[in-house]
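Hello,

Here is the structure I promised to pass on to you. Please open it first, and then read my notes below.

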Amino acid sequence: MTLAAPGRAGPPARLGVDVPAALNLVGSLVKYLGPASLLPVAFAIAHSEPAWPFLAAGALVSGFGLALERLTRGAEEVGIREGYLVISLVWLVAGVYGALPYMLAGNHQLGRPIDALFEGMSGFTTTGASTATDVAALPVSIQVWRQLTIWLGGIGVVALGLAVLPRLRVGGRQLLESELAGGGTQPLSGRIRDTVGRFWRLYIVLSTAGFLALALPGWLGAGRAMDTFDALAHALSTIGTGSFSTESHSIGAFGGLTQWTVVVFMAIAGMNFLVLYRALFQRRPREAARDEELRLYLAILVVAGAAVAAILLSRGPEHGEAAIRAGVFEVTSIVTTTGYFTVDYGHWPTFALMALALLFFVGGCAGSTAGSIKVVRHLLLARVLGREVERTVHPELVRPVRLGGAVVEQQTLLAVISFVLIYVAVFVLGTAVLALDAAFHGPHLNVLDLVFATASTLANAGVGLGPAGTTGSFAAFGDPSTVAMTLLMWVGRLEILPVVVLLRRSYWQL
Amino acid sequence: MRGAEDAAYAQLDVKVFVLGAGLVGATVVEALHAGHHVTVVDLDPRPLKPLAQLYDVATVQGSAASGRELAAAGIGQAGLVIACTSQDEANLVAGTIVRKLAPNAITIVRTSSAEYAEIWRESRLDVDFVVSTERETARAVSQAIGMPYARQTDTFADGKIQIVELDVGARASGDVVGKKLRDARLPGGSRVAGIIRGGRAVLPDGDAVIAPGDRVVAIGSPLAAHQWCQLVSPSGADVRDVVVFGAQQLGAAIVRALVDQGISVRVVEADAARAALVAERLPEARVFNTTGLDPGFMQREGIARVQAAIFAMRDDARNLFAATLARVQGVPYTIALAHDPVSARVYETGGIDVSVDPRRVTAEAIVRFAHDPRTQQVSMLEGDRYEILDVTTRPESELVGLPLREMPIQDALIGAIVRNHEAIFPCSDDVLQAGDRVIVFTESSRAAEVERAL
């Protein structure tokens, strides 16, 4: 008796995704990351710190990119389908790249691979959550590297939001399909290059403006202002909406004027870069004034800031101008998913903390460096819900949902709703994992601590509460939680769906 | 507009070509045959014969879009060409051909959509006048809405002057009813231009008396016209809430005209795709996707509480049915489009308050322009017997300098004068000046005489 070998007879299952082409694009993108390590090298030499970890990391990533490109030569046609794989891998490679110097330098705070990967991913996803317990004690070159990863991640996020995600139709992003993202025939790699090329200038201008605004008071001799190094470091992370700092007390180490300046630049970094680009470089500021997302975004900042400030004024622990400043600062920091802090908000009234926890789910504008759900999705969700409530009373009513006067397609609305639901589902799942891990390995966490940790990493905000709060760090979590939060930052940055898509068999099949 | 100063045109005996002998064409022929040599061109011989018999006009069987056939029909001598077949493109082609064959002829083109009218307004179509059915229908309906219970309304001089035709109800105010006009307290800035009693219209003098059951034609400022409505039909309130059934081409044009006037409009359209499209294009309107024949829907949405319902579906029978249902539900004022000439009478019997015939209003707009390029608007009141002319007086007119009471023309009444951009509602002592724009109420048979005198 003979049995036919099961499944062996037919042709091998063919892949529906051109993996070599995807890898080729990944290689050609990450190879440009290498030279970035030259900046910390310069600081290392200036401060007589070891420079080789950065050189090695840079050489490794560029070598890896070039090798990948060489190995997959000839497969350069990247379609939409490969896009999901490309962006997932790019951010994974970037996270590892960010981690390499910490590991190679054997830093006692960040040297463990799991912590280093968390820190690296936190940087390139512009989160800013840190496992370092005393950032001020870190070597200067390491500090520079941390700030730089956020800044580099930021321009990547802008390209992602303006060129890639709309074309991948992630979470209703297609409605933001501009002439940049376009449905045109230009290949994905070309789009990414074009977008980065165009917004590079805006990104540099904003960063320079931030640097000057932060450094100027110090140069003029104002008290508690940033020195040149601090101004550079914080300008890099503010525009990238990440919260790495050179100070243990974050922006709280500086005076009121500096804090207000940071508020302004955080708010700018949370705006749609396409809108900013048109307003500043194409002299079309009217468009910005009419942009519904921008208006709602600013309204949220003002209303939430006022609400939290009012609570602090009436209930403490802050008083007077300091209370207003602290409230507005923390609200802006969380809405834009930057994650700086000025005071120890851990002692704030529960209402204020609850408000902050909810604000993690707002996010900045689409096309900014901010993370989370994004204001435009909330806007559409509210309009869909309003329409559905109205339709329960008027079943025959036909009312298209509009954004900026244009009708939004039904499919786009469904994608937005699906995205918000998946986002919340991932949040719940992440909280469960963290809670489980905390139950077995500690630390002791209350519900708000858990919510902050999960929501803040998923939204790429990076502020923690309790053990990970202003006086602690994310090092307090056990290793399983650290890995889980690393994944949350990665998934959150990519707006979840590209990663979820990769998990489906249908993605890989022809 | 070319030819507006064409003096030769004011004379009679102009050769008029009407292309298309459908309902619009027939109405145009009816209005123009008296003073002019009319030739009607149509592909189909059947409608041509009755026109020839009724109005003594020449008929040619041929295509409006064929240059050869038009030339053979003698269009080269035409002074006025009206292209009013049922096909927009054929009409536009005809207009272009005529421009070559008869460069001096004035061309009027009928289109169904408002789009061609807009293109023409932007001077991108080389014809003298474009009349769009969409626009004329929307205008007729919105005028009927703006003036509830007015049988017919028209505006002149960019809306400074309105003419309303009203049924005098039993509850009409004693200020106007039962008194000699010279004693009655009429709304300021208005005149009574005509009283229609028992099917006969008279141009009233100061001794005339308005009685309940009469139909009154009043001319005045928009405010006065509004006051007239209030006085004669006291229940007529401001219309703010309207429902339109049917959002196809004409329905959508009506909705657009109404929302432009700031009226809150609900739209009912049975076709889901069309409903979605209209909802997208007209964000100010609330669109419902259902038939107009669903009492449950009408109840749920409180349709009975609207001030007026407009039935603009493409099927007259359906319009009548839906309107009757609406009336049963308690809708106080119904307006329906009558695509078939018979429908108007059926509607009237069925209790619909106003019927608007899209082709008839189109024809009226054409005739208004055709009468005289100087005449900007002519309403054909009460089936053609009376007309309202809007004429600018020539300096050489012998009527200039005469007080109105000494006017030699019989059976004509000057209802309003526009002088220096201001509307005057004259009494018998006012004197006519050169360049005055006068709104004259006159018998149709004397319209040409009045125009010449001015």
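**What I found**

Among the elements of chain B, strand S18 (residues 379-381) has the lowest mean pLDDT, 45, while strand S14 of chain B has the highest, 92. Here pLDDT is the predictor's confidence in each residue, from 0 to 100, and strands (E, at least two residues) and helices (H or I, at least four) are DSSP runs numbered from the N terminus.

This is a predicted model, in which local features need pLDDT of at least 70 and side-chain atom pairs count only at pLDDT 80 or more, whereas totals for chains, interfaces and linings use all residues. Residues are numbered from 1 along each chain as its sequence is written, and chains are lettered from A and ligands numbered from 1 in the order in which they are written.

On confidence, the model scores ipTM 0.75 and pTM 0.74. Chain A has a mean pLDDT of 86, with 95% of its residues at 70 or more; for chain B the mean is 79, and 85% of the residues reach 70 or more. In chain B, pLDDT stays under 50 over residues 374-380 and also over residues 1-11. Where pLDDT is low, the predicted coordinates should not be read in detail.

Now for chain B itself. It has 14 helices and 22 strands, and 50% of its 454 residues count as buried (20 or more other C-beta atoms within 10 Å of the residue's own; exposed means 12 or fewer, partly exposed in between, with C-beta atoms placed from the backbone). Why is strand S8 (residues 161-167) of chain B largely enclosed by the rest of the structure? Because 6 of its 7 residues are buried. S8 of chain B pairs with strand S11 (residues 215-220) of chain B in the antiparallel sense, over 6 bridges; two strands pair if DSSP finds at least two bridges between them. Within this pairing, B:Ile163 stands opposite B:Ile219 of S11.

Finally, the two chains touch. The contact takes 12 residues from chain B and 8 residues from chain A, where residues are in contact if their C-beta atoms, placed from the backbone, lie within 7 Å. On the chain B side, helix H9 (272-281) and strand S14 (286-289) each supply at least two residues. S14 of chain B is also joined by 2 bridges to strand S1 (residues 397-398) of chain A, and the two run antiparallel. The bridge partner of A:Leu397 in S14 of chain B is B:Phe288.

Enjoy exploring!

Definitions and conventions. Contact = placed C-beta atoms within 7 Å.
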